[in-house]
Amino acid sequence: MIGQIIFIIILAAAIWLFSKNVGKIRRNILLGRDTDRSDNPGERWKTMALVALGQSKMVKRPFAAVMHLFIYVGFVIINIEVLEILVDGVFGSHRVFSHPLGGLYGLLIGGFEILAVLVLVACVTFLIRRNIGKLKRFSGVEMTAWPKSDANYILIIEILLMTAFLTMNAADHKLQLLNFGHYIKAGNFPVSDLLGPLLPDRASALEMIERGCWWFHIIGILAFLNYLPYSKHFHILLAFPNVYYSNLNPKGKFTNMASVTNEVKAMLDPSFVPEPAEVSRFGAKDVTDLTWKNLMEAYTCTECGRCTSVCPANQTGKLLSPRKIMMDTRDRITEIGKGIDQNGKDFKDDKTLLDNYITREELWACTTCNACVDACPVNINPLEIITEMRRYVVMEESQAPASLNNMFGNVENNGAPWKYSAADRLNWKEES
Amino acid sequence: MSEVQILTMAEMAAAGKEPEILFWVGCAGSFDERAQRITRDICKILNHVGISFAVLGTEESCTGDPAKRAGNEFLFQMQAMMNIQVLDVYNTKKIVTGCPHCFNTIKNEYPGLGGNYEVIHHTQLIQQLIDEGRLKAEGGESFKGRRITYHDPCYLGRGNDVYEAPRKALEILDADLVEMKRCRSNGLCCGAGGAQMFKEPEKGTKDINIERMEDILESKATIVAAACPFCMTMLRDGVKGKDKEQEIQVLDVAEITVRVNGL
C-alpha cells in the first residue's frame, strides 16, 4: 500500500514537472511570428508517415539508420511494457496484462527482451562511435561541453534502463520457477533467462533484485522523461509535428515577403492602397522575428550534424554550420524564455540572435544550395533562418558586403547583376 | 548563326504573331561570353525542331534572383513586378530558360506576385523533345565511348527535383556516363548560388569549386556536363585552377545536344 502511494506521488510529480516544462517550450515556440501551415492536410499526414514514422530520410546513412531503428522501434514498442508497469504500480498488481493476454503475453515479453538487446547493441555502438570512432560529424565548433555530454548521457541512461529491465525479468523468471509469492508463471524470457546463473538462488534476494530493478526502471523512465525538455533527445516528441508542418513547396521557392509587396506595389502604382499590415521589422534580427515553425525546428534538432556534413561552405572550412544555426536559435529562444520566467513577459535584454550568437561571416558564407535542408531526417530548414537574417542585415541595416551592394546597384540601374547596359542585351545574337 | 532567325517579342507582336514559347535568356546568357554560346545553341535547338520562339531582348531584365538570395527582397520584388508586367503585355504562357536561377524564380516565386506561366528549363525541353522523337543524336560529332559526368545545379536538382531531364539528354549519346560520388540530391554546390557569384568567398580552407573539381577528377570524366551558366563559370575556373584545360571540357547539355546533332 505504501509502495502504491509512493509510486503515485512520484508519477504525479513527474507528469506535473514534465507538462510544466513542455508548456514552457510551447510558449517559447509561440513567441515566434505566425505562419500558416494548415494547408494540404493529406500531403502533410503522408509526409509525416513517411519521414517521421517511416524514417525515410535516415536511410541515406544505412549503418546509422539500422542502429537508430533498433532504438526507435524498441522505444515505441517497449512502451506497452511501461504501461503495464504503470498499472501495476498504481494498483499494486503484478504483470497485470498476463491474464487478459494469455499466450500473447509470453510472445510480447519475449519480443521486448529481444528489442531490449537490440537497443543495448545500438546504444553501445553509438557510444563507441561517438567517443572512440571520432566521427567528424560529432565534433565541430558547436559540439562543445553540453551537446557532447548530452548525447552520452542519453545513451548511458538507455543502457541502464534496458539492463534494469532485463535483470528484473531474469529475477522475476527465477522467482516464477520457485513458485514464490505473487510471481505467477507469465511471459517468455528468452534473453533474461541467460542472466539467471548470474543471480542468487535465494528467493528473498531475488525478490529484492526484482523490486529494485522494477523501481529503478520506472523511476529511471520518469526521470528520463523529465530530462527530455532539457535535451536534444526532445526530438522523439517534436519530430512528428515538426515533419507534419514541414515546407511542402519546392525547396528553391523562397517566401515572398507580403510587407514588401505592399510597399513595392505602392511605389509602382501611386494609387495603390495597401491593406493595413502589422508593423514589424524586415527579416530577423532576433529569434522572435522568426516564425514559430523555425523555433519548433530549433527544439526538434537532435544535433546529428547531417546538415553540416553536407554543407559546401562547411566542407571547405568556412565558419558556417547549419547545425550551429539551429542550436544557436534554440539557445537564444531558451534564454529569452528563462528571462520571461524570471522577469515577466515584457522581458528584454540587450542580446540578439544576430551578432551575439550568429555572426555575419556565417550568414554570408551560405550558397543557399539546400543541401542542409535535404539532409535533415526531420525536415528542418536552417536556410530559412539564414535568409531571414540576411534580409534583416540588408533591408534594415543596409550592411550587405560591398560587392553585393555593387550587384544590387547594377540590378537596379542596368537590370543585370553586372555592369552592362540593357541596350546590349541582344549582342549575343550577332557574334558566333 | 545566319540560318537561325531570332526575333524579339516586340518584333513578333508587331507582325501580329505570338510565339509558342518565350526564351528567357537571363543576364548570364546575355552578357557572359561563355554563356552567350549556350544561348545561341539553345536557339539552334529550338530552330532545329521548329518551335516558334522569341526573346524579350532589351526588354528583359534580371529576374531578381541574386537580390532575393542575398536578402534584398525590395529589389527582388521590384524586378519581379516589372518583369511580370512585360511578360503579361505579350500574353506570355510558356517560358523556357537556360538558367536554373531564372527558372526557379519565375516558376516558384513569380506566381505569388501575380506572374503565372508554365516555366521549363532547357534541359527539360530537350528531354521532352527526345521523348517525342523530335530530337535525336545524329548527324554530328560522336560522343561514343567518351567519359561524361553531369554536375547537378542546386536550383534545378534539390531546388526543383529536376534530376532526370539532363541525364536523359546525355543517355542518348552512347557515351560512357559516370556519376560523381556526390550527385543528384547529394550533389555538391558549385559555390556560386545564393549571390556568392557576386562576392568573394568567406575565409576557408579552399574554394567550393576546387572541392567540386576533386569529385570531377575522381570520376575520371573528360567532359563535365553543366546545365547552369553559374556552374559553368565555377567549374571552368576549377578546371583552370587544377591545370586540366587540356584534359577536361565543361559543356552545357545544350551544347552537347547541338554538337551531336551537328546543328
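Biologist: Which residue stands opposite B:Ala226 in strand 8 of chain B?

Modeller: B:Asp252 stands opposite B:Ala226. This is a predicted model, in which local features need pLDDT of at least 70, side-chain atom pairs count only at pLDDT 80 or more, and totals for chains, interfaces and linings use all residues. Residues are numbered from 1 along each chain as its sequence is written, chains are lettered from A and ligands numbered from 1 in the order in which they are written, and side-chain values use heavy atoms, leaving out hydrogens and water.

Biologist: Why are strand 7 and strand 8 of chain B called a pair?

Modeller: Strands pair if DSSP finds at least two bridges between them. Here 4 bridges join strand 7 (residues 223-226) of chain B to strand 8 (residues 249-252) of chain B, so they pair. The two run parallel. Strands here are DSSP runs of E, at least two residues; helices are runs of H or I, at least four; both are numbered from the N terminus.

Biologist: What do strand 7, helix 10 and strand 8 of chain B make?

Modeller: With helix 10 (residues 229-241) of chain B, those strands make a right-handed β-α-β unit. Right-handed means that, with the strands pointing away from the viewer, the path from the first strand over the helix to the second runs clockwise.

Biologist: Why do strand 2 and strand 4 of chain B count as edges?

Modeller: An open sheet of 4 strands in chain B has the order 2-1-3-4, with parallel pairing. Strand 2 (53-54) and strand 4 (118-121) of chain B each have a single partner strand, so one side of each is left without a neighbour in the sheet. Strand 1 (residues 21-24) of chain B is joined to strand 2 of chain B by 2 bridges. In that pair, B:Ile21 has B:Phe53 as its bridge partner.

Biologist: Now chain A. What puts the buried residues on the same side of helix 2 of chain A?

Modeller: In helix 2 (residues 41-53) of chain A, A:Arg44, A:Thr47, A:Met48, A:Val51 and A:Ala52 are buried. Buried means under 20% relative accessible area, exposed over 50%, partly exposed in between (1.4 Å probe, protein chains only).
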